[in-house]
Amino acid sequence: MPAGRPREFDVEAGLDAALRVFWRQGYAGAALTDLTEAVGINRPSLYAAYGNKAELFRRALEHYSVHYATHMSEALAQSTAREVVEVFLRGAVRVTTAKGCPRGCLGVQGALVAGPENEEIREALAGWRRDGEVALRERFRRARRAGELPSTVEPGDLARYVGAVAFGVSVQAAGGASRAQLERVVELTLRAWDGMVSG
């Protein structure tokens, strides 16, 4: 490589750095100065590489889903509904308490936005959470059709319940709860699940 040639910018690594700013500070709390410093490029270069702040956040959310919050896809691949729930919740604990990462979940931390100027981000995050709930609901519907869940159990209610626990885990993790404490929450939830779906 000729002397003096600038090193090629790593778009993927920069996206990961920006993700961590959003994850730690939320969308509204992440100033452009914070983002450019984390990524290591100036503002015009940031726009050229990723678009505006909202577009950067959407790309960061996708990156988060693919590289960090993999527990949804892992859970949906399980053979029983109970295994789905266990893998999903244990995965939520894992990602929200991972060493070297901000505490909590980007889908919760990023939602700490205020004002009408952030409505598109609020909607994007609501859609992201809704997609997860729909995927769980459809998986529980299949389980009910297969006779694994009683006909009296509403799959939509189960999906909302499991989602609420997962996002509660995120809030607890962000507040300093340990992985061991949150694993005990999962154990209690699985016991509650067994009581709800039995019989």
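Helix α9 has 20 residues, which at 1.5 Å a residue should span 28 Å; its end C-alpha atoms lie 29 Å apart, in agreement with that value. The expected span of a helix is taken as 1.5 Å times one less than its number of residues, and helices (H or I, at least four residues) and strands (E, at least two) are DSSP runs numbered from the N terminus. The structure is a predicted model, in which local features need pLDDT of at least 70 and side-chain atom pairs count only at pLDDT 80 or more, whereas totals for chains, interfaces and linings use all residues. Residues are numbered from 1 along each chain as its sequence is written, and side-chain values use heavy atoms, with hydrogens and water left out.

The protein chain contains 10 helices and zero strands. Its C-alpha atoms fill a box of roughly 70 × 35 × 35 Å along the principal axes. Of the 199 residues, 42% are buried, where buried means under 20% relative accessible area, exposed over 50%, and partly exposed in between (1.4 Å probe, protein chains only). Contact denotes heavy atoms within 4.5 Å; among contacts between residues at least 6 apart in sequence, 67% join residues at least 24 apart.

The chain is divided into domain 1 (7–67) and domain 2 (69–198), with bounds that come from an automatic or database domain assignment. The C-alpha centres of the two domains are 25 Å apart. Across the boundary, 17 residues of domain 1 are in contact with 20 residues of domain 2. The domains bury about 1700 Å² between them, 67% of it on carbon and sulfur atoms; buried area here is the accessible area (1.4 Å probe) that two parts lose on being put together, summed over both.

A nonpolar core is defined as a set of buried Ala, Val, Leu, Ile, Met, Phe, Trp, Tyr and Cys residues joined through side-chain atoms within 4.5 Å. The largest such core has 29 residues, and those with the most contacts inside it are Phe22, Trp23, Leu35, Leu46, Leu56, Tyr64 and Leu106. At least two residues of this core are supplied by each of α1, α2 (32–39), α3 (43–50), α4, α7 (106–109) and α8. Helix α1 gives the largest share, seven residues. Because both domain 1 and domain 2 give residues to this core, it lies between them. Apart from neighbours within four places in sequence, Leu46 is in contact with Leu32, Leu35, Thr36, Val39, Ile41, Gly51 and Leu56. A second, separate core of 27 residues includes Val162, Ala173, Val186 and Leu190.

Helix α6 (residues 81–96) has 16 residues and reaches 23 Å from its first C-alpha to its last, close to the expected 22 Å. Its buried residues include Val84, Val85, Phe88, Leu89 and Val93. The buried residues of α6 pack against α1 (11–29), α4 (53–67), α5 (71–76), α8 (119–145), α9 (155–174) and α10 (179–197).

In α9, the buried residues include Leu158, Val162, Val165, Val169 and Ala173. The cover over the buried residues of α9 includes α6, α7, α8 and α10. Thr189 is found in helix α10 and, at 6% relative accessibility, counts as buried. When residues up to four places away in sequence are not counted, Thr189 touches Leu89, Tyr161 and Val165.
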